[in-house]
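Have a look at the model first, then read on.

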Amino acid sequence: MSRNFTNLLIEDDIAIVEIDHAPANTLSTACIAELREVFKCLANDDKLKAIILTGAGRFFVAGADIKEFIDALGDDQKGLAMATAGQAICNEIESVKKPVIAAINGACLGGGLELAMSCHYRIAVSAAKLGLPELQLGLIPTFGGTQRLSRITSTATALELILTSKQLNGDEAKEAGLIQLVVSPEDLLPTAKTIAKAFVDGKSMTSITRAVECIIQGANESLVNGLERERNNFAELFLTDDAKEGVHAFIEKRKPLFKHT
């Protein structure tokens, strides 16, 4: 596909998606549409085991395209279309059944933070700025920010960060539970790759995809439904070649040779 807002690099079964929309990597309607197509393709590529999402230059994503906000003022249907598109890309990322890691290299604000929160794991540089400033515009976060932030951190933390429009640096974001790791700029992508490899190396992609599905879907449903999903996936894996190989390899004290089937 033709790409105008993203760069794509494949290394060792890991895809690195770099948002490249100068000057601040804003999420315009066209950029969001391209990101959706990129993630659809990567999600369906069985050769890929993990995805890293980052930004070009000094920004991860500075937010939505404010110029498009101006065009939508006085038109609730345009506002609804923008919200729907933003939620769709975040849902697309969150629903990928392989690990998706956000490598936050700089400003990660508004829709950018909402994009990062839809990833399964987040690391950032100390100088990064993470926040949801929409109330300063007379709006609210609408790419999932009012929902995912409280699930990732807590209701109290979500209220504080959204109502104050406070921006956190990497260390503060880690303390709040918003990200998992703070690294130096030169270590950002190498660390993201190391984490991705730790997630997938030596394991069956069949079981990885089932685990990711159970965890992500379970976070958005009742415990009863989540446990049922877990039971059913566990049982179905007993029908796979990888489960047979993994169990026999353990008993025989050797490394499994998974075929991911």
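Is Glu236 buried, partly exposed or exposed? Glu236 is partly exposed, with a relative accessible area of 40% (buried is under 20%, exposed over 50%, partly exposed in between, using a 1.4 Å probe and protein chains only).

Bear in mind that this is a predicted model, where local features need pLDDT of at least 70, side-chain atom pairs count only at pLDDT 80 or more, and totals for chains, interfaces and linings use all residues. Residues are numbered from 1 along each chain as its sequence is written, and side-chain values use heavy atoms, leaving out hydrogens and water.

**Salt bridges**
- The count is 12 salt bridges, each a side-chain nitrogen of Lys or Arg within 4 Å of a carboxyl oxygen of Asp or Glu.
- Glu236 pairs with Arg210 at 2.8 Å, N to O; Glu236 sits in helix H10 (residues 223-237) and Arg210 in helix H9, so the pair ties together parts 26 residues apart in sequence (helices are DSSP runs of H or I, at least four residues, and strands are runs of E, at least two, numbered from the N terminus).
- Arg210 is partly exposed at 21%.
- Glu213 meets Lys97 at 3.8 Å, N to O; that links helix H9 (residues 205-218) to the loop between helix H3 (76-94) and strand E5 (100-104), parts 116 residues apart in sequence.
- Lys97, Glu213, Glu221 and Arg229 form a salt-bridge network.

**Cysteines**
- There are zero disulfides, meaning pairs of cysteine sulfur atoms within 2.5 Å.
- Cys90 is in no disulfide, and its nearest cysteine sulfur, that of Cys119, is 8.5 Å away.
- Cys90 is buried at 0% relative accessible area, and Cys119 is buried at 3%.
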